[in-house]
Amino acid sequence: MALSYQSKLNDSQCTTIPSRRTYESNKKGFPTNISMNPKISCIIPFHWMQNWQYFLTRCLESIEKQTFKDYEVILTKAGSMPVNTNRAIKCAEGEIIKILFIDDYFAYENALKDIVNNFKGGWLVTGCEHDDGERLFNS
């Protein structure tokens, strides 16, 4: 699936990008277990920063490369970061909400799968690995 990074966001809009969800099919090829809501909502509250195009593209491409495909991506641009994040959460339809800022990305392709496997309800806090272009370090 090729994600379009050219969407224009107005100040109160949520833009949702659905994934290619996997599903089982019966012998005639009809889907048998499609859920209407995604398992995970990856929300990205947009804010301007230097080189934002690079960071947003890297973030979205890391989501697209995930082996777990039952997700949606929600991009918002709604003023201050707290207002923006809350707007994205209100738009989310997933059971699990993963907040990524535009300079965050998944470092490996099973990150969403690991989140789903470790989620037991309530809150699940996940860490981030950051890089400075040469090395990774945890926070």
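Let's start at one side chain: that of N110 makes a polar contact with the side chain of T67 at 2.6 Å. A polar contact here is a pair of N or O atoms within 3.5 Å; within protein, one must be able to donate a hydrogen and the other to accept it, and residues adjacent in sequence count only if both atoms are side-chain atoms. Keep in mind that this is a predicted model, where local features need pLDDT of at least 70 and side-chain atom pairs count only at pLDDT 80 or more, while totals for chains, interfaces and linings use all residues. Residues are numbered from 1 along each chain as its sequence is written, and side-chain values use heavy atoms, with hydrogens and water left out.

N110 sits in the loop between β4 and α3; helices (H or I, at least four residues) and strands (E, at least two) are DSSP runs numbered from the N terminus. With 28% relative accessibility, N110 is partly exposed, a class that lies between buried (under 20% relative accessible area) and exposed (over 50%), using a 1.4 Å probe and protein chains only. Not counting residues up to four places away in sequence, N110 touches Q66 and T67, where contact means heavy atoms within 4.5 Å. F68 is 42 residues from N110 in sequence, yet their C-alpha atoms are 6.9 Å apart.

From there, move on to L112. Leaving aside neighbours within four places in sequence, L112 contacts I40, C42, Q66, F68, Y71 and F106. L112 also belongs to the largest nonpolar core, where I40, I44, I63, F106 and L112 touch the most other members out of 23 residues. Such a core is a set of buried Ala, Val, Leu, Ile, Met, Phe, Trp, Tyr and Cys residues joined through side-chain atoms within 4.5 Å. At least two core residues come from each of β2 (40-45), α1 (52-64), β3 (71-76) and α3 (111-118), and α1 gives the largest share, 5 residues. In soluble globular proteins, nonpolar side chains tend to be buried together.

Strand β3 also holds E72, which is buried at 4% relative accessibility. The E72 side chain makes a polar contact with the side chain of S41 at 2.6 Å and reaches the backbone nitrogen of E93 at 2.8 Å.

Finally, the charges. The whole structure has 1 salt bridge, meaning a side-chain nitrogen of Lys or Arg within 4 Å of a carboxyl oxygen of Asp or Glu. The side chains of E95 and K39 form a salt bridge at 2.6 Å, N to O. E95 lies in the loop between α2 (81-91) and β4 (96-99), and K39 in the loop between β1 (14-18) and β2, 56 residues apart.
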